[in-house]
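Subject: Structure handover

Hello,

Here is the structure we spoke about. Please look through it first; my notes follow below.

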Amino acid sequence: MAAPLRSFCTTVLKQTTRQFSSTCVTCAGNKWRLEHGLARSGSEYGPLTDLPDWSYADGRPAPPLKGQIRRQKQREEFAKRAVYLNAEMDEGMDQWQKRKNNERQKEEHLRSLMLKPKGSLLLKNKK
């Protein structure tokens with residue numbers, strides 16, 4: 001009894017070996033969508049995900065769904081972060097400009113303190 005079961009298991013295992021692949025899985029149409037300026041997948045944004053699924057017969061809009069509320073909050077957080085980072089970059093650029101101006105003023109001040117040419121050297125520099 002054990003021998004036929006054993007041979008059955010070995011034949012099943014031999015037939016069901018899995019092949020492993022090291023290539024990455026890509027979604028169908030992903031490259032085309034990105035080349036045309038669309039979302040990576042069809043369900044990230046767009047009218048099918050952003051607009052409500054239904055409305056009342058008298059024209060009132062339907063209450064927003066949980067997914068719509070979540071996406072709206074994510075977009076608001078993303079926009080807040082973008083504004084914050086933009087302000088931080090502007091502040092950093094202003095500080096950099098001020099530092100450069102201070103360095104330039106120090107160099108000009110040091111040049112003004114240097115000895116000036118006199119006599120014939122002064123006449124040569126003017127020509």
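**A nonpolar surface patch**

M89, M93 and W96 make up a nonpolar surface patch of about 330 Å². Patches are built from residues with over 30% relative accessible area and no salt bridge, where like charges are joined within 9 Å and nonpolar side chains (Val, Leu, Ile, Met, Phe, Trp, Tyr) within 5 Å. Areas come from the Shrake-Rupley method with a 1.4 Å probe, and for residues only the protein chains shown count as cover. M89 belongs to helix α4 (residues 66-113). With a relative accessible area of 55%, M89 is exposed; the word stands for over 50%, buried for under 20%, and partly exposed for what lies in between (1.4 Å probe, protein chains only).

**What the model is**

This is a predicted model, in which local features need pLDDT of at least 70 and side-chain atom pairs count only at pLDDT 80 or more, while totals for chains, interfaces and linings use all residues. Residues are numbered from 1 along each chain as its sequence is written, and side-chain values use heavy atoms, with hydrogens and water left out.

**Overall**

The protein has five helices and zero strands, in the order α-α-α-α-α along the sequence. Both are DSSP runs numbered from the N terminus: helices are H or I with at least four residues, strands E with at least two. Of its 127 residues, 6% count as buried. The protein exposes about 12,600 Å², and carbon and sulfur atoms supply 60% of that area.

**Rings and charges**

There is one aromatic pair. The ring centres of W54 and Y56 are 5.1 Å apart and the planes stand at 85 degrees, so this pair is edge-to-face. Rings of Phe, Tyr and Trp (its six-membered ring) pair if their centres lie within 6.5 Å; planes under 30 degrees apart are stacked, over 60 edge-to-face, and the rest tilted. W54 is partly exposed at 41% relative accessibility, and Y56 is partly exposed at 33%.

R60 lies over the face of Y56, 4.2 Å from the ring centre; the rule asks for NZ of Lys or CZ of Arg within 6 Å of the centre and within 35 degrees of the ring normal. R60 also forms a salt bridge with D58, with the closest N and O atoms 3.1 Å apart. A salt bridge needs a side-chain nitrogen of Lys or Arg within 4 Å of a carboxyl oxygen of Asp or Glu. R60 is partly exposed at 46%, whereas D58 is exposed at 57%.

Regards
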